[in-house]
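Please look at the sequence and the structure below before reading on, and turn the model so that you can follow the chain from one end to the other. The paragraphs that follow lead you through it step by step.

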Amino acid sequence: MGYSNLLIHHIVKAYGTEPTKKGSKKFIFLEIIQYIYDHYKEDLSLTSLAEQFGYATRSLGHMFDKYVKMDIRNFINSVRAEKVLEMKADPAHSDKTLLELALACGFNSASSFYRTYRKNYSQSR
């Protein structure tokens, strides 16, 4: 929850709370963020997102650095970790292991999930 709030803080700081005009760079970036949240289970990468939205990979990478202050890969994995923790808290998924949930949310391995989890949710920072 804390990490989600930090992410929202960065997005609001970058964009403000005023509506953005359709077609503007900020509006398109918000669409990209929404796309990641909607498709987090899929194989997402800087290249696939750049192709999907018609950007050069470097441009999209720079947009993430500018607006989110985070590498796109770390952002995608953070969204996935958030979803894993939401599913783990849901009684409907109580019969599944953390690894099963991580794989269902788009992580390729247990190590990538645990690395993201430690980075974003570890109490020993």
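For α5 and α7 the angle is about 90 degrees and the axes lie 9 Å apart, where axes are lines fitted to C-alpha atoms, for helices over the stretch in contact, and angles run from 0 to 180 degrees between N-to-C directions. On the α5 side, Asn74, Asn77, Ser78, Ala81, Glu82, Val84 and Leu85 meet Phe113, Thr116, Tyr117, Lys119, Asn120 and Tyr121 of α7, and contact means heavy atoms within 4.5 Å. Sorted by class, this contact holds six nonpolar, five polar and two charged residues; Ala, Val, Leu, Ile, Met, Phe, Trp, Tyr, Cys and Pro count as nonpolar, Asp, Glu, Lys and Arg as charged, and the others, Gly among them, as polar.

This is a predicted model, in which local features need pLDDT of at least 70 and side-chain atom pairs count only at pLDDT 80 or more, whereas totals for chains, interfaces and linings use all residues. Residues are numbered from 1 along each chain as its sequence is written, and side-chain values use heavy atoms, with hydrogens and water left out.

Taken as a whole, the protein has seven helices and zero strands, where helices (H or I, at least four residues) and strands (E, at least two) are DSSP runs numbered from the N terminus. Of its 125 residues, 35% are buried, which means under 20% relative accessible area, with exposed meaning over 50% and partly exposed in between (1.4 Å probe, protein chains only).

A second pair of helices, α3 (residues 46-53) and α4 (residues 57-67), packs at an angle of about 105 degrees with axes 9 Å apart, so α3 is roughly perpendicular to α4. Leu46, Thr47, Leu49 and Ala50 of α3 make this contact with Thr57, Leu60 and Gly61 of α4.

Which residues touch the most other members of the largest nonpolar core? In this core of 28 residues they are Ile36, Leu49, Leu60, Phe64, Val68 and Phe75, and a nonpolar core is a set of buried Ala, Val, Leu, Ile, Met, Phe, Trp, Tyr and Cys residues joined through side-chain atoms within 4.5 Å. The elements that give two or more residues to it are α2 (25-38), α3, α4, α5, α6 (98-104) and α7 (110-121), and α5 gives the most, with seven residues.

Ile76 lies in helix α5 (residues 72-89) and is buried, with a relative accessible area of 3%. Leaving out residues up to four places away in sequence, Ile76 touches Ile36, Leu44, Ser45 and Leu49. Ile76 and Ile33 are 43 residues apart in sequence, yet their C-alpha atoms are 9.2 Å apart in space.

Lys69, in the loop between α4 and α5, is exposed with a relative accessible area of 58%, and has a positive phi of about 60 degrees although it is not a glycine. His93, in the loop between α5 and α6, is instead buried at 17%, and beyond its neighbours up to four places away in sequence it touches Met87 and Leu101.

Note on methods: Angles under 35 degrees count as roughly parallel, over 145 as roughly antiparallel, 65 to 115 as roughly perpendicular and the rest as oblique.
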